[in-house]
Amino acid sequence: MTTNFSIDLDGIRKRARSHIEAGAVTDGYQGDRDTIIKLLNDSLATELVCVLRYRQHHFMSASLGGIAGYAVTGELLQHSQEELAHADRLAERITQLGGVPDFSPQTLIARSHADYAISDSLRGMLVEDLVAERIAIDTYTAIIRFVADKDPTTRRLFEEILAQEEDHADELSDFLKRLPIS
Ligand SMILES: [Fe+2]
Ligand SMILES: [Fe+2]
């Protein structure tokens with residue numbers, strides 16, 4: 001059985017021309033734009049909090065964790081850089097949708113899904129990082145389900161970020177297993 005795929009190309013061409021000011025957002029966009037921008041902004045806040053938490057853990061891990069701290073410090077810095085790259089991609093998508101990316105430090109923690117948690121032990125830091133990754137994995141999965149096929153570009157962005165959060169969680173749980181009992 002074949003399914004016919006037909007599109008109203010003339011209509012699409014006309015609509016594309018009539019709302020030039022909307023940029024990448026066309027009349028065919030089926031997402032609830034305000035809600036999706038809010039979800040993107042909350043996720044942006046989460047990523048920025050993760051950047052800061054990983055940064056703090058990077059600087060403190062070597063001094064608190066002895067030799068094991070030295071082993072993970074570079075990895076924590078790399079996670080921080082990757083969370084910053086996620087933040088940039090979310091902010092870019094927000095502007096594509098005609099929204100304003102919210103970088104305000106005043107409301108960052110309230111909007112973030114994950115906490116800025118510090119610890120005085122290496123194990124404590126890694127546990128907090130793993131918890132934050134697990135929160136990100138669950139919230140991004142829920143967002144992907146919500147966005148579904150209404151906004152494929154936003155969904156793909158969250159899917160790509162989600163895959164990297166899963167890698168982060170995996171690495172952290174490996175570190176935790178290898179950590180000497182103290
Ligand atoms: Fe991230
Ligand atoms: Fe992550």
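These are my notebook entries on a predicted model.

**Entry 1: aromatic rings**

I looked for aromatic pairs first. The structure holds one. Its partners are tyrosine 140 and phenylalanine 158. I noted 5.4 Å from centre to centre and 55° between the planes, and the pair is tilted. I then asked where the two residues lie in the chain. Tyrosine 140 belongs to helix α5, residues 122-147. Phenylalanine 158 belongs to helix α6, residues 152-178. They are 18 residues apart, and the pair links distant parts of the chain. Are they buried or exposed? I found both tyrosine 140 and phenylalanine 158 buried.

**Entry 2: charges over rings**

Next I checked charged ends against rings. The charged end of arginine 53 sits over the ring of tyrosine 54, at 4.9 Å from the ring centre. I also found lysine 150, whose charged end sits over the ring of phenylalanine 146. Here the distance to the ring centre is 4.6 Å.

**Entry 3: phenylalanine 146**

I stayed with this ring. Phenylalanine 146 lies in helix α5. Its relative accessible area is 36%, so I wrote it down as partly exposed. Which residues does it touch, leaving aside neighbours within four places in sequence? I listed Thr35, Ile36 and Leu39. I also looked up the spacing to isoleucine 36. Phenylalanine 146 and isoleucine 36 are 110 residues apart in sequence, yet 9.3 Å apart in space, C-alpha to C-alpha.

**Entry 4: helices α2 and α6**

Two packed helices are described by the angle between their axes and the distance between the axes. I looked up both values for α2, residues 33-64, and α6. The angle is about 25°, and the axes are 13 Å apart. Angles under 35 degrees count as roughly parallel, so α2 is roughly parallel to α6. The crossing of α2 and α6 is left-handed.

Then I asked which residues meet. From α2 I noted Ile36, Leu39, Leu40, Ser43, Glu47 and Tyr54. From α6 I noted Thr154, Leu157, Phe158, Ile161, Glu165, His168 and Leu172. Phe158 was in my first entry too, as a partner in the aromatic pair.

**Entry 5: alanine 68**

I ended with alanine 68, in helix α3, residues 66-96. Its relative accessibility is 16%, so alanine 68 counts as buried. Leaving aside neighbours within four places in sequence, I found alanine 68 in contact with Leu122, Leu179 and Pro180. How far is alanine 68 from leucine 108? They are 40 residues apart in sequence and 31 Å apart in space, C-alpha to C-alpha.

Methods
Residues are numbered from 1 along each chain as its sequence is written. Chains are lettered from A and ligands numbered from 1 in the order in which they are written. This is a predicted model: local features need pLDDT of at least 70, side-chain atom pairs count only at pLDDT 80 or more; totals for chains, interfaces and linings use all residues. Side-chain values use heavy atoms; hydrogens and water are left out. Rings of Phe, Tyr and Trp (its six-membered ring) pair if their centres lie within 6.5 Å; planes under 30 degrees apart count as stacked, over 60 as edge-to-face and the rest as tilted. Helices (H or I, at least four residues) and strands (E, at least two) are DSSP runs, numbered from the N terminus. Buried means under 20% relative accessible area, exposed over 50%, partly exposed in between (1.4 Å probe, protein chains only). A charge sits over a ring if NZ of Lys or CZ of Arg is within 6 Å of the ring centre and within 35 degrees of the ring normal. Axes are lines fitted to C-alpha atoms, for helices over the stretch in contact, and angles run from 0 to 180 degrees between N-to-C directions. Angles under 35 degrees count as roughly parallel, over 145 as roughly antiparallel, 65 to 115 as roughly perpendicular and the rest as oblique. A crossing is left-handed if the near helix is turned anticlockwise from the far one by less than a right angle, and right-handed if clockwise. Contact means heavy atoms within 4.5 Å.
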